[in-house]
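Hi,

Here is the structure I promised to pass on. Have a look at it first, and then read on for what turned up.

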Amino acid sequence: MSEATITQTMTLTIDGATVEVPTGTTLYDAAKQAGTELPVLCHDPKFDPVAVCRMCVVEVEGARVLQAACIRQAEDGMVVHTQSDKVKRSRRTLVELLMSDYPKPAESGSNGHSAVHPYTGKPDLLLELAQREGITAPRFPARPFDNGHDLSSKVIAVNHNACILCDRCIRACDDVQNNEVIGRGGKGYLSRIVFDHDQPMGESTCVSCGECMAACPTGALTDKPLTLTVLDETPLTKVDSLCPYCGVGCSITYSVDAEKNTIVQVAGRDSPVNHGRLCVKGRYGFDYPHHQERLTVPLIRKPEYYPKSVEGLSDLADPRAAFREATWDEALDLAAQRFMAIKQQFGGAALAGFGSAKCSNEDNYLFQKLIRAVFGTNNVDHCTRLCHASSVAALMEQIGGGSVSNPFSDCLETGAMFIIGSNTTHNHPVAATFMKQAAKNGATLIVADPRRPEMADHADYYIRFNPGTDVAFLNGLMHVIIRDELYDADFIEARTEDFDRLRETVQAYTPQVASRLTGIPEQQIIDVAHAYGEADSAMIFWGMGISQHTTGTDNSRCLINLALLTGNIGRPGTGLHPLRGQNNVQGASDVGLIPMVYTGYQSVTEPEVRQKFEASWGVELDREPGLTVVEIMSEVLEGRIKAMYMMGENPFLSDPNINKVKKCLAAMDFLVVQDIFITETAAYADVILPGSSFPEKTGTFTNTDSRVQLARQAIAPPGQARVDWHIIADLATRMGYPMPYESEEQIWREIVSLTPVFGGITYERLEHEGLPWPCPEPDHPGVLIRFTEDFPRGKAKFSPAEYAPAQELPDETYPLVLNTGRVLQHWHTGTMTRRAKALDAIAPEALLEMTPEDMEALGIEPDEFVRVRSRRGELTVKVTRSHKPSQGSVFLPFHFKEAAANLLTIDALDPYGKIPEFKFCAVRVEKLEV
Ligand code: SF4
């Protein structure tokens with residue numbers, strides 16, 4: 001036997017059976033392998049073992065005392081007993097002791113003796129053990145103190161009396177979510193878990209991710225009820241699906257009361273994406289489909305509400321009053337007739353469609369097929385234009401492909417992370433947990449943003465720079481990297497072109513010059529250049545702080561230049577990762593929901609490609625690329641686009657310069673909106689079609705890593721609402737183009753048949769984990785790390801960029817810079833999250849972040865309402881004192897229609913990506929007259 005074999009496995013006896021296990025295996029795992037599930041309370045394989053509950057003790061022959069199996073490692077020749085009298089006595093006594101302190105079942109958050117939580121079905125492991133041991137009345141007296149309840153959190157109830165101090169919640173918060181909110185306080189009987197410095201949970205820095213609640217084995221931490229009051233005897237159905245919110249694409253399991261067609265709870269599901277973790281939106285934002293305002297029947301605008309007002313239906317308490325209920329036949333026939341009539345009179349170019357990054361690949365494929373094959377135009381787009389269009393433009397130009405190069409979890413392999421223009425803990429919270437973990441493990445973390453994000457608390461370097469000066473900062477970094485010879489000459493030589501152009505451009509951006517333009521101290525620029533340039537491997541993550549500028553493409557070009565310059569692409573732990581916003585913004589683009597390309601980014605102007613799609617779809621297709629989101633709206637105002645079909649988009653809140661958007665919406669001859677609520681945009685519709693929410697459909701969704709994943713229907717759409725692709729297919733059929741699909745899977749197979757990069761992806765293969773594309777063959781595992789050998793365009797290209805200021809700089813009249821973005825609890829235009837009880841309760845209103853200095857200068861107190869004006873509009877909003885923005889800047893989230901940030905933003909576009917400058921415009925803040 002070789003030495004390697006001796007050190008790799010060992011043999012021991014457990015309850016008389018011989019077991020062979022690898023070196024380092026705990027007795028807990030060895031027993032499991034032998035078929036014995038030892039009882040545990042403090043242990044969970046997700047966490048490091050701490051052996052505090054002693055419930056898993058076993059008897060090891062020759063050992064003086066019982067051994068905690070969760071930490072005791074197996075040894076060769078060991079003889080172990082898991083069910084000896086000594087073990088059983090110990091286990092029973094421990095349960096009795098714990099039960100003596102345990103609240104009566106009715107008060108413990110448990111459902112009598114059935115050992116499940118009455119609202120959510122969460123098992124109570126201590127009660128289960130007590131039942132197993134037959135313990136009804138504990139022998140020992142209860143502790144003399146009441147440790148109390150804490151109901152201050154909007155989502156989690158804390159019953160300190162049911163806490164057994166197993167530390168699972170602490171490890172979940174510290175080691176999994178890396179938030180470090182929970183600790184222990186008090187002594188003896190008064191020991192208990194505490195939040196921050198013993199604050200009530202709801203007033204602490206807890207972000208309500210629920211990881212602690214999921215980890216708690218008793219009734220100490222439980223969900224507050226969101227949808228049902230008390231569970232009856234109906235068993236809950238478990239349905240594996242995905243989170244409907246951000247591009248991380250976390251796997252979840254819905255618990256559904258099938259009889260009531262109601263989702264009761266969401267739990268994280270283990271997958272390569274999220275390892276079972278969730279954020280507050282994924283765990284608690286699930287009840288919006290049950291909201292009373294759901295659309296359940298088709299609606300047609302009443303004649304008395306024509307002509308449409310530019311202000312929409314804002315004068316009505318309930319916009320429904322402007323519509324009458326209709327049958328599906330009436331609504332779809334009307335839509336089909338009007339679209340056909342406009343096409344016949346003005347041609348297909350007078351029509352356009354916005355699909356949705358929240359809908360499935362199958363929904364969006366059919367949507368763009370309808371616009372192209374039936375409307376006869378390429379005027380089809382979606383909110384990718386407002387998100388990463390500039391990043392994609394730069395990636396296509398320099399690399400030849402628009403997706404990320406490495407999955408975000410590769411940060412656990414990297415030497416350095418550079419996060420710029422991304423509020424990751426709020427916008428991609430579960431991805432952020434991996435980044436915080438990587439930083440804890442020793443990776444250098446560089447965070448750069450004009451507004452200080454929470455991730456800066458975990459960073460080695462936090463760089464605050466003047467808004468809109470990203471190019472100057474990044475050119476300064478590259479200047480130092482070249483000057484100090486930190487670049488990868490071999491990589492540049494072998495895999496890139498145009499290095500000399502870059503060298504020449506950044507020559508002028510000395511640390512002095514970059515410092516003057518950006519406001520960053522010179523030495524910090526040099527230090528960061530060295531931290532990034534000297535790392536063995538480095539990853540760059542960016543968000544809309546980079547892309548949503550008129551220089552968005554130049555900003556992205558600089559980041560790509562930086563990665564190429566240092567050879568940080570094509571290996572594990574390196575690469576470029578523009579973090580995608582919506583849950584399916586990647587997939588919607590992949591399946592052709594953009595005006596220039598069909599599925600798989602196949603150009604509409606390539607004759608061979610077009611002929612392939614014409615042959616498959618049986619119609620002649622438009623030869624010209626279509627218009628983008630903001631261009632379409634401008635064409636409406638010009639009278640060239642007459643009618644639109646919008647599925648799940650809400651440009652009223654999401655597009656820049658709302659006052660202009662309102663005019664466009666009111667000016668349209670005919671507008672069909674398909675959605676789940678009457679959105680601000682739907683108030684301008686002629687016909688409203690009730691579609692399906694995320695848990696009401698099956699389909700594929702593609703996350704920020706380009707991983708295609710399968711979501712399963714958990715509940716039925718309410719009333720007459722229909723699954724989205726059914727509506728699209730029905731409308732197409734009524735317009736004379738039959739779409740006789742029978743299932744989502746059939747649509748997916750058609751997508752695959754036209755899209756080589758999806759060639760190997762089938763529903764069957766997606767059943768459990770999902771697959772990253774490209775995945776061209778049936779047995780191909782999919783590519784997670786791209787560009788290992790070459791780039792889609794051959795050699796990658798350096799594209800140098802010169803610094804240019806933002807379009808609208810502050811002046812005497814409008815002296816402050818407005819930055820817009822998201823908050824943790826809400827998503828996009830708030831259509832879903834503002835109708836999710838818990839999320840709306842935690843973050844009920846818009847708050848304008850302002851520095852204490854700027855507030856003082858204007859005499860503004862915290863929580864005071866102010867007027868914010870720009871050249872395009874004005875709004876009233878409450879102020880919060882914050883050190884996050886820099887002096888001279890303010891921040892406003894864009895989710896809230898009562899203080900719609902896009903009333904203020906400018907619709908100036910990046911010339912390449914056509915993305916608006918959401919992150920920078922000049923505003924004035926005024927104190928309101930009392
Ligand atoms: Fe959902 Fe994103 Fe949160 Fe995951 S990180 S639970 S996908 S919102």
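A word on classes before anything else: Ala, Val, Leu, Ile, Met, Phe, Trp, Tyr, Cys and Pro count as nonpolar, Asp, Glu, Lys and Arg count as charged, and the others, Gly among them, count as polar. Please also keep in mind that this is a predicted model.

**The ligand**

With those classes, the shell around the ligand comes out as eight nonpolar, two polar and one charged residues. Who are they? The ligand has Cys243, Tyr245, Cys246, Gly249, Cys250, Leu278, Cys279, Lys281, Gly282, Pro429 and Val430 around it. Helix H7 (280-284) and helix H12 (429-441) are the elements that give two or more residues to this shell. Keep H12 in mind, as it comes back in the next part.

Let's go to the open spaces. The largest pocket has a volume of about 1,400 Å³. It is lined by 45 residues, and Cys206, Val207, His426, Glu454 and Gln825 are the closest to its centre. Which element gives the largest share of that lining? It is H12, with four residues. At least two residues each come from helix H11 (424-427), H12, strand E32 (847-850), strand E34 (874-881) and E35.

Helix H23 (651-654) and helix H24 (658-667) each supply at least two residues of the lining of the second largest pocket. The lining of the second largest pocket divides into 13 nonpolar, nine polar and 11 charged residues.

**Cavities**

How many cavities of 30 Å³ or more does a search of the whole structure find? The search finds nine.

The largest cavity holds about 530 Å³ of space. Among the 39 residues that line the largest cavity, Met544, Gly545, Asn819, Thr820 and Lys919 are the closest to its centre. Helix H18 (544-547), strand E31 (816-821) and strand E35 (889-893) are the elements that give two or more residues to that lining. Of these, E31 gives the most, with four residues. The residues lining the largest cavity divide into 15 nonpolar, 19 polar and five charged.

The second largest cavity contains about 370 Å³ of space. Its lining has 29 residues, and Ser356, Lys358, Gly648, Asp675 and Met832 are the closest to the centre. By class, the lining of the second largest cavity has nine nonpolar, 15 polar and five charged residues.

**A pair of helices**

Now for a helix contact. The axes of helix H9 (residues 361-375) and helix H26 (residues 744-754) come within 9 Å, and they cross at roughly 65°. Is the crossing of H9 and H26 left-handed or right-handed? It is left-handed. On the H9 side, Asn361, Glu362, Tyr365, Leu366 and Lys369 take part in the contact, and they meet Glu744, Ile747, Trp748, Glu750, Ile751 and Leu754 in H26. Sorted by class, the contact of H9 with H26 has six nonpolar, one polar and four charged residues.

**Backbone details**

Last, a few places in the loops to click on. The peptide bond from Tyr306 to Pro307 is cis, with omega near -10°. You will find Pro307 in the loop between strand E14 (299-301) and strand E15 (323-325). Trp773 and Pro774 are also joined by a cis peptide bond, and omega there is about 5°. Pro774 sits in the loop between strand E29 (771-772) and strand E30 (796-797).

Then there is Asp196: phi is near 50°, a positive value in a residue other than glycine. Asp196 belongs to the loop between strand E9 (192-195) and helix H6 (211-215).

Happy browsing!

Key: Residues are numbered from 1 along each chain as its sequence is written. This is a predicted model: local features need pLDDT of at least 70, side-chain atom pairs count only at pLDDT 80 or more; totals for chains, interfaces and linings use all residues. Side-chain values use heavy atoms; hydrogens and water are left out. A residue is near a molecule or strand if one of its heavy atoms lies within 4 Å of it. On a 1 Å grid over the protein atoms alone, a cavity is a set of points where a 1.4 Å probe fits but cannot get out, and a pocket is an open set with protein on both sides within 12 Å along at least five of seven lines; lining residues have an atom within 4 Å of a point. Grid points are joined across faces, edges and corners, and a volume is the space filled by probe spheres set on the points. Axes are lines fitted to C-alpha atoms, for helices over the stretch in contact, and angles run from 0 to 180 degrees between N-to-C directions. A crossing is left-handed if the near helix is turned anticlockwise from the far one by less than a right angle, and right-handed if clockwise. Contact means heavy atoms within 4.5 Å.
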